[in-house]
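Please open the model in your viewer and keep the selection panel at hand; the stops below go chain by chain.

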Amino acid sequence: MATTATAAPPRRRRGHRSHYPLWFYLPAGVVYGVLFIAPTIASFYFAFTRWNLSGTEFIGFENFALFFSEPYLFQGLVNTFVYGVLTSGLKVVLGLLLAVFLTSQIIARGYLRSVVFFPTLVSTVGVGITFTVLMDPGDGLVNQALALFGVDGPGWLTDPSLALISVALVDVWKGVGLATLIYIAGVVAIPQEYFEAARVDGATSAQRLRHITLPLMRPATATVIVLSLIGGLRSFDLIWAMTQGGPGFTSDVVASVIFKQYQAGFWGLSSAGNVVLFLIVAAFMVPLYWKLNRKEVDR
Amino acid sequence: MFPTRPLRRTAAGATPHMYSSAGVAVVALSAGLALTGCSTGGGDDGTLNILIDNSEATGQLMQALVDAYTEANPDVEIELELRPGGSEGDNIVKTRLQTGDMPDLFFYNSGSLLQALAPDQTLVDLAGESYMDVVTDTFKDGVSAGDALYGVPVGHAVGGGVLYDLAAYEELGLEVPTTWDEFMANNQAILDAGGRAPVIQTYGTESAWTSQLFVLADNYNVLAAEPDWAEAYTANEKHFADTPAAAAGFEHLQEVAEAGYLNEDFASLTYNEGLAALAAGEGVHYPMLTTALTEIEATDPDALDGIGFFALPGTDAANAGLTTWLPGALYLPQSTEDQGAAKDFLAFVASTEGCDAQTAGASVIGPYFIEGCTVPEDVPPAVAQLQSYFDSGLTAPALEFLSPVKGPALEQITVEVGSGIRTAADAASLYDEDVKKQAQQLGLEGW
């Protein structure tokens with residue numbers, strides 16, 4: 001037995017010989033099944049019904065047709081992509097730069113690291129309410145500070161073309177700490193020998209960043225992209241706390257549209273929206289995750 | 001499902017309650033019990049339990065009624081249980097009705113929200129009770145289903161129109177407008193005089209609902225032009241986009257916004273800040289429900305004397321009438337065991353003694369719906385102006401009391417019109433799409 005096991009490739013050995021019986025999975029499996037699988041399947045069913053207090057009525061794909069045909073529901077879809085890509089992109093760029101900066105030899109490094117990470121610890125709704133006050137077009141601190149320099153600040157959250165971007169920037173402010181943390185772990189994990197060797201070869205710090213740090217941080221980048229993109233596509237709490245999707249529908253994302261449909265009692269329609277959101281996130285993330293991990297393996 | 005959003009917002013967002021009577025402890029305790037589901041449903045312990053929402057206005061009115069009733073009937077004990085307002089409150093009411101856990105009586109909205117409670121299965125029909133004879137027909141329309149009658153009114157009639165600054169009108173020599181054109185001329189005069197915003201709009205945090213008034217409070221004028229509007233609208237025969245009188249509400253909002261009559265900070269101002277701006281004379285017109293008067297009284301009682309009220313003007317000066325909202329009512333659930341005691345209290349509420357008790361204990365912001373009830377002489381000017389519409393019979397209910405069809409997205413749509421994001425015509429057809437969902441959800445014929 002022992003000989004066959006050592007001879008077999010590692011993958012197969014894991015499949016054949018487990019130290020624990022299969023029914024050990026049962027408690028976790030039941031919890032997962034009851035709390036996750038069952039509601040997910042149920043919501044797929046309810047998405048095809050018109051659902052109110054007196055019961056459900058099967059209406060086929062009507063909810064989905066409605067979801068995609070209404071202008072402000074579709075607008076929510078577009079906004080979701082804008083929001084997800086914008087926040088994810090900025091978190092990657094800013095997180096990387098901050099991580100490189102915070103791993104270099106600077107004064108008060110530990111303190112600065114905690115400053116960058118701090119917003120991640122604050123409640124999202126609290127952040128939203130605070131920034132709503134700060135971004136008030138008249139009395140807000142942001143525009144008053146800009147006024148000191150003679151700049152007439154815009155209505156960050158009240159200008160239809162700016163509202164979504166303003167919320168996205170606050171999301172980045174709040175989330176960049178986590179991205180930085182992941183990147184710091186990635187930078188620290190790079191063996192110092194590479195840098196020493198590069199220095200001996202006369203590489204400048206820019207060259208070291210370009211040819212050592214960046215390539216070796218690919219796993220960290222993949223993690224940051226996956227986490228922040230999923231978070232961005234599903235984002236709801238910050239948007240709801242800051243604009244409730246307003247002014248009008250201009251900063252609505254899929255999640256806030258779903259919530260409004262639910263509030264209005266359109267439970268079937270909101271289930272359909274949830275199914276759409278689930279499929280979008282899955283359709284986006286599964287190939288992306290696969291691709292990012294493939295590259296990692298290739299190296 | 002939110003036909004009375006403006007009203008309910010006011011109720012849910014009221015300031016913390018401050019009852020002067022000894023009922024505070026009882027109220028607080030029973031509220032706690034209600035939340036944990038431990039309270040007894042029926043009147044088995046000889047106490048009459050009443051579930052009410054936690055707004056300032058309802059609390060004042062109900063406490064006044066209870067105090068007066070227990071004074072006259074010392075052997076009766078009444079407990080008020082508090083519930084939250086808004087959609088959370090709707091859920092509590094529906095759940096407790098369904099599970100038979102509703103107290104002996106409860107206070108709830110009239111109109112289409114009542115219809116959502118399936119009253120024929122859950123509530124006692126009061127049509128045969130003699131005390132219902134003095135309830136006015138206007139109110140009965142809002143609490144009936146078929147031939148059955150379910151509620152006894154608590155509180156005052158509410159008008160939807162324009163609250164305005166009396167001092168500014170006097171200073172500029174303006175007259176209360178009876179047509180839309182006169183209203184716009186007044187706005188221009190105010191703008192030309194400078195220093196004040198002609199029209200206050202408030203689209204800030206949690207205040208988007210205030211943007212609906214131009215549309216909702218225009219219903220009197222819609223009905224004046226299209227007498228069968230409510231029925232045809234419910235039957236999917238007439239719509240906002242293809243009925244000029246109905247689309248006018250959206251157009252009016254667009255006109256006001258495009259003419260530059262709005263306050264500069266309309267996009268971020270909140271409802272309470274809007275009321276403060278009106279009281280401070282920074283803006284002259286604020287399209288609003290008269291429930292705002294309670295709010296103003298709570299924060300700045302002196303300001304009430306400087307505020308007037310007129311109905312949203314339409315096209316016909318001779319028929320300048322008011323769109324009204326009905327107050328909530330007390331309902332008797334079928335699960336109540338001792339209906340005699342509960343009905344005795346209802347009879348008291350539906351009597352002139354009942355409204356005198358309300359007048360004594362709470363601020364009067366409009367006429368009652370009980371025949372023979374009078375409003376004191378020394379009411380604030382806005383209430384007197386509101387009363388005059390009722391005296392001359394120039395009132396019509398808001399659409400939500402005539403039709404169950406109200407779309408949930410109206411407030412976002414009107415915010416877009418007021419902000420210049422969407423045109424009135426586009427908004428009207430978008431809203432027609434929005435109400436379609438609600439009608440289908442309710443399972444109405446013809447949608």
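Select residues 172-191 of chain A, a span that is 85% helix and 0% strand, with its end C-alpha atoms 30 Å apart; helices (H or I, at least four residues) and strands (E, at least two) are DSSP runs, numbered from the N terminus. This is a predicted model, in which local features need pLDDT of at least 70, side-chain atom pairs count only at pLDDT 80 or more, and totals for chains, interfaces and linings use all residues. Residues are numbered from 1 along each chain as its sequence is written, while chains are lettered from A and ligands numbered from 1 in the order in which they are written.

Now colour chain B by domain: domain 1 covers 5-156 + 327-375 and domain 2 covers 158-324 + 386-442, with bounds from an automatic or database domain assignment. Across the boundary, 19 residues of domain 1 of chain B are in contact (C-beta atoms, placed from the backbone, within 7 Å) with 22 residues of domain 2 of chain B. On the domain 1 side, α1 (5-12), α3 (56-72) and α5 (112-115) of chain B each supply at least two residues, and α1(B) gives the largest share, five residues.

Finally, note that the predictor gives the complex an ipTM of 0.79 and a pTM of 0.80.

Definitions and conventions: Two residues are in contact if their C-beta atoms, placed from the backbone, lie within 7 Å.
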